[in-house]
Amino acid sequence: MTDVRAFLRDYGGPPVRLMEVCGTHTAQIARCGIPGMLSPAIRLISGPGCPVCVTVTAYLDRLVALCMEPDTTVLTFGDLMRVRGSRRSLNDAKAAGGRVRMLYSPMDALKLARENPGRLYVFAAVGFETTAPVYAMLLERAESEGIGNLKLLTSLKTMPPVIEWICTNQGGVDGFLAPGHVSVITGSRIFKPLSDRFGLPFVVAGFEGEQILAAVYALVRLRGKKKVLNLYRSVVTERGNETAQQAVRRYFEPCGAAWRGMGIIPGSGMILRPEYARFDAGSAGLDEDRGFDARCLCAKVLTGAIAPTSCPMFGCECTPRTPRGACMISQEGSCYNYFVNGRGPQ
Amino acid sequence: MCVALSGKVVSVNGRRATVAFSGNLVEAEAGLVRVKPGDRVLVHAGCILQVLSEDEGRELEELYRELEEVL
């Protein structure tokens, strides 16, 4: 470990830009002070790894509209409550009489739906490959129990197409810290086609500081080589959790999805299959992204085009207390993590 | 949002399992992977995603050895 730290601190080779595409990695990199341990020639940049941050306003507006319907309650994870749509956030809507409940697990929705059959519950099904199987389990249980008053408003996204988008449209990345918990489900093999096509290394990493450092070390050493390396072998295999993959395929099919800052990326989303349309609360076509502060540079932060500190509102008008954009609201957002951990522009 | 924590399975009841996280007991869905009491598992949003391999404690050491071999 001492050798790894010394190598990363003293590295004097060609400049290396490495991107992480997992919000939990973003948070841990800042929390552990990893950028401060690296040579100035090694630069870590955050990509679109926070599902809340990449959610477009049309989806949030639909949630707000649903929660204002008299017989409907919107259920959500906490982070989504504060993110504004084109006019209001779920928190604003709740203050105005909307019915919104925050849940720890989508599975908790079953009990609510069972106990209140006259009320419609809509879960805000946001997330990447990690969370999609949880929604599949929820639907399986709702189906087997004959629960008819539970629906999903989906904004599910998948990693490979957005990584492809970054490599094709932006470039400037020498390697990817592959998302650990996405890989638990998909397996490390999902990154192989991208690695081959773009000639880049992908290293699947865990979330402890040492695991992230090891992954950064591997990526620097593998610069310029096409290779997928799994350094999170306690839970990640090459093929992933195939039961979970089957469960997701049973209920969902690929679709184009809108990402903040990137527009619609073909095949980057998942939507309920037509045979399960009865569980859908109107997820299709929620692609518009408008109405947020024009000075907010979240869209550029999300693609790694600029560091959060390059946004003129960062740290003055936009702080976790007075957030102007989703990246400062979500605890996995780049701006939030740069701010609370005092991370500089590197 | 992809945060997942590891805990230990205390008991299993059909497709539900009770998982201990530092002494706190939490009910989790166990439909995605077979679990038994004593297993260390990774839980995300109330759902068990994977069983941790038994040699997890030695993983870091192995990880560096592997790195040296591969790089």
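1. Of the 71 residues of chain B, 32% count as buried, a residue being buried if 20 or more other C-beta atoms, placed from the backbone, lie within 10 Å of its own. The model is a predicted one, in which local features need pLDDT of at least 70 and side-chain atom pairs count only at pLDDT 80 or more, whereas totals for chains, interfaces and linings use all residues. Residues are numbered from 1 along each chain as its sequence is written, and chains are lettered from A and ligands numbered from 1 in the order in which they are written.

2. The secondary structure of chain B comprises one helix and five strands, arranged along the sequence as β-β-β-β-β-α; helices (H or I, at least four residues) and strands (E, at least two) are DSSP runs, numbered from the N terminus. Among contacts in chain B between residues at least 6 apart in sequence, 31% join residues at least 24 apart, where two residues are in contact if their C-beta atoms, placed from the backbone, lie within 7 Å.

3. Where the two chains meet, 42 residues from chain A and 25 residues from chain B take part. On the side of chain A that touches chain B, the elements giving two or more residues are α2 (23-31), α6 (132-144), α8 (180-186), α10 (209-221) and α11 (242-251) of chain A, and α10(A) gives the most, with five residues. That side of chain A divides into 25 nonpolar, 10 polar and seven charged residues, with Ala, Val, Leu, Ile, Met, Phe, Trp, Tyr, Cys and Pro counted as nonpolar, Asp, Glu, Lys and Arg as charged, and the others, Gly among them, as polar.

4. Helix α10(A) also packs with helix α1 (residues 2-10) of chain A, at an angle of about 55° and with the axes 10 Å apart; axes are lines fitted to C-alpha atoms, for helices over the stretch in contact, and angles run from 0 to 180 degrees between N-to-C directions. The contact joins Val4(A), Phe7(A) and Leu8(A) of α1(A) to Leu213(A), Ala214(A), Val216(A) and Tyr217(A) of α10(A), and by class it has seven nonpolar, no polar and no charged residues.

5. The domain assignment of chain A, automatic or from a database, gives domain 1 (1-294) and domain 2 (298-340). The C-alpha centres of these two domains of chain A lie 18 Å apart, and 24 residues of domain 1 are in contact with 19 residues of domain 2. On the side of domain 1 of chain A that touches domain 2, α2(A) gives the most, with five residues.

Conventions
A residue is buried if 20 or more other C-beta atoms lie within 10 Å of its own, exposed if 12 or fewer, and partly exposed in between; C-beta atoms are placed from the backbone.
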